[in-house]
Amino acid sequence: MKLTSRCLRCVQAELRAWWLKGRMTKAALPSGTSSLGGKNGFPLKKGSEPNIQTILMFCSRMDDRGEVKCIKFSIGNKILAVQRTLKSVDFINFIPDYPHTEFSQECKTKNASVLGFCWTSWNEVVFVTDQGIEFYQVFPDKRSLKLLKSQNINVNWYQYCPETAVILLSTTVQGNVLQPFAFRNGAMTKMSKFEIELPVVPKPAKLSLSERDIAMATIYGQLYVMYLKHHSRTVNSPGAEVVLYHLPREGICKKSHVLKLNTTGKFALNIVDNLVVVHHQSSQTSLIFDIKLKEPECAVNTHQPVLPARSIHPYRIPLSGPAAVPTQPPVPCQLYSSSWSVFQPDIIISASEGYLWYLQVRLPPAVRLLQDKGKLMDFLLRRRDCKMVILSVCSQILEAQENGSLPVVATVFDKLNQVYKEYLEAEQSYTAAVESGPTRGAAAQKRPVRTQAVIDQSDMYTHVLSAFTERKDVSHKFIIAVLMEYIRSLNQNQITVQHYLYELVIKTLVQNSLFYMLHQFLQYHVLSDSKPLACLLLSLESTYPPAHQLSLDMLKRLSTANDEIVEVLLSKQQVLGALRFIRSVGAHDNVSARKFLDAARQTGDQMLFYTVFRSFQQRNQRLRGNPSFNPGEHCEEHVAYFKQLFGEQALMKPSTV
């Protein structure tokens, strides 16, 4: 599978020059990867956010009080923090109407050196020192900080995950005992520490676990610590591995996944769309792993790459500046450069070229690279922009036109409908919860999000099945088999089949004169009863006369289509049959006499008209004690016609008791 890098933001030439000259020795993205911005001494408009130009102006006006070791904005770009020394961090407000003068905070621990700092909210910051951590609340209006909590612990280095606000500290001499801390709403929680298994334990003990071999990221909603485990270069070397430790907020951190890289060298990690992407510098390729594609449940799941190794899609840098020539082609970007810096989850920065990219996975090439269609469908269903690719895969599978591909088709349909069913059940649960009202002590239930992985019946009908049934180069038997397979899968997942799918089956059967099969499908209820389906059968009467009776039988089974049955019978001038039907369902007392008299008169059969007229006179006599029609029934015209045919003496007289 190919990856594409999409240049989203160019680091300005001035910032690049400033950066490369060494004023900022540690490339630090703001907390949560928000962009740098703001300026010192310049008022900001209300509601505005700092941008790259204002931060450049600020940096140009900063007092040169030493090398900038780290510079980060708080969440929301409200406060800028700058570390120049090993003892303190400086702060500058970027909140409108607040003073923009700097204020400073020294670490509280004596003889400690500040390794760095992390913003956990817009006004909460953590200092990480070589002797522990200090959790502060920032008061921008008072230009001061308050120590909320601290923890003494020897620290070699640290990692931070902004998405979950978890800091990971490397402790002990070897550095492989990791102590995580979680931050939320002004509280600091010490989580369970855990130990990274080193391939070789050095003697005497020394720092063996490097910061560059550890990364933290959220994958499928769970926080993982990723350890890039190198092996010595030997003949029997298994190659490097990426070991994933699942880090729950409560409970013990456990080793859960091992990603086999099958090679050695320099690597870097990104997380893109819940995929672990491992970049290999020497081969200039990237490997993709999906931890959801795993073997049956076991303590530690071992994974091979989902797809063959592929290089990142080339990116060309357009030339700019006074030396640029309009006709000069863009310059290719050097991929897998040693100047690249990788940030989680999906950011790559090229310091030498002054560019920042977001990494993106392109799904269409995976279709031809992953031959196992069941595995391919599992892979695609977990991706963000997957709908049209999945529908395209379904169309391609159906183009095989082979009966041998039916098991593959069935597998694909079952996987799609399983996701469809889970969404429908979640939607029904949410609707039921809303209708029942809030329950005391229960959290409000969130409406389920419909992702692109939900492929419903209308999607399949519009983009796949409708066009498939129109193809002339495909056997009609295979078409019918595919349609029935999709209906089977829906029924198996207890999903109500929409009538337009049944209509597609019936039209295909009729077009190929498979009337016997149609009759069998209806007789044995392979096609579920519905009013639209009954109406379609009625329209087929001229082509297949038994369809009329099949339609009537279906309507009668529905028990909610009495009016439709009466209309059908009357349209066929089966007036007596309509009368018998309404008597059988107990609706004779409520039907419109005029409707039946109109139909009887249109037949031209005088005796039929007499029978129907007399039937309603008897109904009137039974219900009201008088055979006459009420004015509201609007039967005066038919009474006159009856007199014309049979004379007034033929009218029923009121009976006396």
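Colleague: In which hand does α9 pass α11 in their crossing?

Modeller: A crossing is left-handed if the near helix is turned anticlockwise from the far one by less than a right angle, and right-handed if clockwise. Here α9 passes α11 in a right-handed crossing. Before we go on: this is a predicted model, where local features need pLDDT of at least 70, side-chain atom pairs count only at pLDDT 80 or more, and totals for chains, interfaces and linings use all residues. Residues are numbered from 1 along each chain as its sequence is written, and side-chain values use heavy atoms, leaving out hydrogens and water.

Colleague: At what angle do the axes of α9 and α11 cross?

Modeller: Axes are lines fitted to C-alpha atoms, for helices over the stretch in contact, with angles from 0 to 180 degrees between N-to-C directions. Helices are DSSP runs (H or I, at least four residues), numbered from the N terminus. For α9 (residues 499–511) and α11 (residues 531–539), the axes cross at roughly 25 degrees and come within 9 Å. The pair is therefore roughly parallel (angles under 35 degrees; over 145 is roughly antiparallel, 65 to 115 roughly perpendicular, the rest oblique).

Colleague: Which residues of α9 and α11 meet?

Modeller: Contact means heavy atoms within 4.5 Å. From α9 come H499, Y502, E503, I506 and K507, facing P532, L533, L536 and L537 of α11.

Colleague: How many disulfides are there?

Modeller: A disulfide is a covalent bond between the sulfur atoms of two cysteines. With the cut-off for a pair of cysteine sulfur atoms set at within 2.5 Å, the count is zero. For C118, the nearest cysteine sulfur, that of C70, is 8.0 Å away.

Technical notes: Helix = DSSP H or I, 4+ residues; strand = E, 2+ residues; numbered from the N terminus.
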